[in-house]
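Please look through the sequence and the structure shown here before reading on. The report is meant to be read with both in view.

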Amino acid sequence: MGYAAVKGGLDAILAAEDLVARMRVDDASPWVSEEQLIGRLRLAVDRVQGEGGLASAELAARAIRQAEGDLIEASLLVRSYRSTLPRLGYTVPTPTSEMEAVRRIVPAFREPPGRQLLGRTLDYTERLVDFRDEAAARAALGEPPATPQEIPADGRPGGASAEHALTQPRLAELLAARGLLADRRVDGDPEPVDITRDPVTVPAPRSARLAVMARGETGALVNLWYQGVMGDRRGAEDITLGEVRVGKLPVTVRHPRTGGAVRVGSVQVTEVEAMSNLNRPDENTAVFDIGYGLVLGHNERKAIAMAVLDIAMHRDRARTGLEQNVIATCDGTDASGFLEHLKLPHYVTFGSQLERKEAMRR
């Protein structure tokens with residue numbers, strides 16, 4: 001696709017950019033700090049971390065403020081910043097059983113191994129707008145008046161310890177020990193595909209598909225999942241969520257001198273394991289298939305859609321364009337960029353089309 005060079009208009013472009021900055025700074029309302037966004041709009045901050053592909057709550061909050069609340073634009077800003085960072089090394093694979101969970105629900109079992117931990121959620125409450133101000137909300141909860149607090153290094157007021165994090169067993173391990181899970185591993189255990197360096201083509205290995213979805217736009221993934229359920233049912237039906245977990249996952253690297261594994265920190269992630277009841281003639285109906293989703297931050301909706309689409313693409317076996325559709329269309333930055341370019345000058349191409357229409361009429 002080619003475009004004719006656009007000349008002129010530079011002064012107008014610079015003035016428009018300056019107008020955005022001035023309106024953001026000169027607004028009569030108080031300046032919104034990164035700490036306020038992290039503490040009050042945590043799910044938006046987590047979504048930008050996940051779609052931007054960089055675990056930094058402060059940077060995501062700064063990007064949201066700069067983008068005036070446009071989460072896709074904020075994700076693009078985070079990705080752009082990420083591309084300037086040096087790659088210092090690679091982490092050691094960490095079993096998610098080591099996650100310090102602050103939320104863990106197992107819809108498949110009433111009393112699973114470990115504990116059901118509801119944590120911080122509105123899943124079981126009514127959806128009504130709360131018109132109370134901060135003082136009234138605190139009084140209703142029996143909380144004292146607000147006092148200034150510092151945001152800890154993990155970017156969240158109170159930290160994970162305030163939510164009573166604990167290590168929980170994984171349901172999938174129990175089912176696998178009983179021989180009830182399909183084995184999705186491949187020979188040789190290949191290294192995961194780094195989609196930030198290598199382009200993804202179809203057919204793609206599972207690691208590439210998961211990486212694309214982990215950085216995909218939440219709404220796009222939910223839409224693709226819903227199409228599968230409401231449309232042609234490409235393996236997205238008859239799904240039971242085995243486990244939904246939110247918590248801190250250790251980040252471990254190799255010590256440059258000793259070669260031993262050293263924990264250097266942790267990142268908040270959402271992990272989902274979805275079970276599919278295999279029931280087709282060409283499938284092993286004695287076991288369940290398992291789909292996997294893991295995203296940065298607290299974003300259960302995206303992780304669930306990711307896990308179900310993981311199953312759907314595997315069961316689809318290239319019979320339809322599902323894999324191509326997921327890889328090509330779920331990236332919010334790509335889709336938004338292509339849409340936004342329609343606002344750029346197109347008078348040359350449209351003028352050519354107009355001339356052809358007039359010639360045909362003559």
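## The chain as a whole

This is a predicted model, and its chain contains 13 helices and five strands. The C-alpha atoms fill a box of roughly 75 × 60 × 55 Å when it is taken along the principal axes.

Of the 362 residues of the chain, 33% count as buried. Among the contacts in the chain with a separation of 6 or more, 68% are accounted for by residues 24 or more positions apart.

## Helices α3 and α5

Two packed helices are described by the angle between their axes and the distance between the axes. For helix α3, residues 42–52, and helix α5, residues 71–82, the axes come within 8 Å and cross at roughly 50°. That angle makes α3 oblique to α5, and the crossing in which α3 passes α5 is right-handed.

On the α3 side, Ala44, Arg47, Val48, Glu51 and Gly52 take part, and in α5 they meet Leu71, Ala74, Ser75, Val78, Arg79 and Arg82.

## Glu34 in helix α2

Glu34 belongs to helix α2, which covers residues 34–40. Is Glu34 buried or exposed? With a relative accessible area of 9%, Glu34 is buried, because a residue counts as buried when this value is under 20%.

Leaving aside residues up to four places away in sequence, Glu34 touches Glu58, Ala61, Arg62 and Arg65. With one of these residues, Arg65, the side chain of Glu34 also forms a polar contact of 3.3 Å.

In helix α8, residues 206–214, the buried residues are Ala208, Arg209, Leu210, Val212 and Met213. What covers these buried residues of α8 includes the helices α9 (218–230), α10 (300–316) and α11 (322–329), together with the strand β5 (288–296).

With α11, helix α8 packs at an angle of about 45°, and the two axes are 9 Å apart. The two helices α8 and α11 are therefore oblique to each other, and α8 passes α11 in a left-handed crossing. Arg209, Val212 and Met213 of α8 make this contact with Glu323, Val326 and Ile327 of α11. The residues of the contact of α8 with α11 divide into four nonpolar, no polar and two charged.

Methods:
Residues are numbered from 1 along each chain as its sequence is written. This is a predicted model: local features need pLDDT of at least 70, side-chain atom pairs count only at pLDDT 80 or more; totals for chains, interfaces and linings use all residues. Side-chain values use heavy atoms; hydrogens and water are left out. Axes are lines fitted to C-alpha atoms, for helices over the stretch in contact, and angles run from 0 to 180 degrees between N-to-C directions. Helices (H or I, at least four residues) and strands (E, at least two) are DSSP runs, numbered from the N terminus. Angles under 35 degrees count as roughly parallel, over 145 as roughly antiparallel, 65 to 115 as roughly perpendicular and the rest as oblique. A crossing is left-handed if the near helix is turned anticlockwise from the far one by less than a right angle, and right-handed if clockwise. Contact means heavy atoms within 4.5 Å. Buried means under 20% relative accessible area, exposed over 50%, partly exposed in between (1.4 Å probe, protein chains only). A polar contact is a pair of N or O atoms within 3.5 Å; within protein, one must be able to donate a hydrogen and the other to accept it, and residues adjacent in sequence count only if both atoms are side-chain atoms. Ala, Val, Leu, Ile, Met, Phe, Trp, Tyr, Cys and Pro count as nonpolar, Asp, Glu, Lys and Arg as charged, and the others, Gly among them, as polar.
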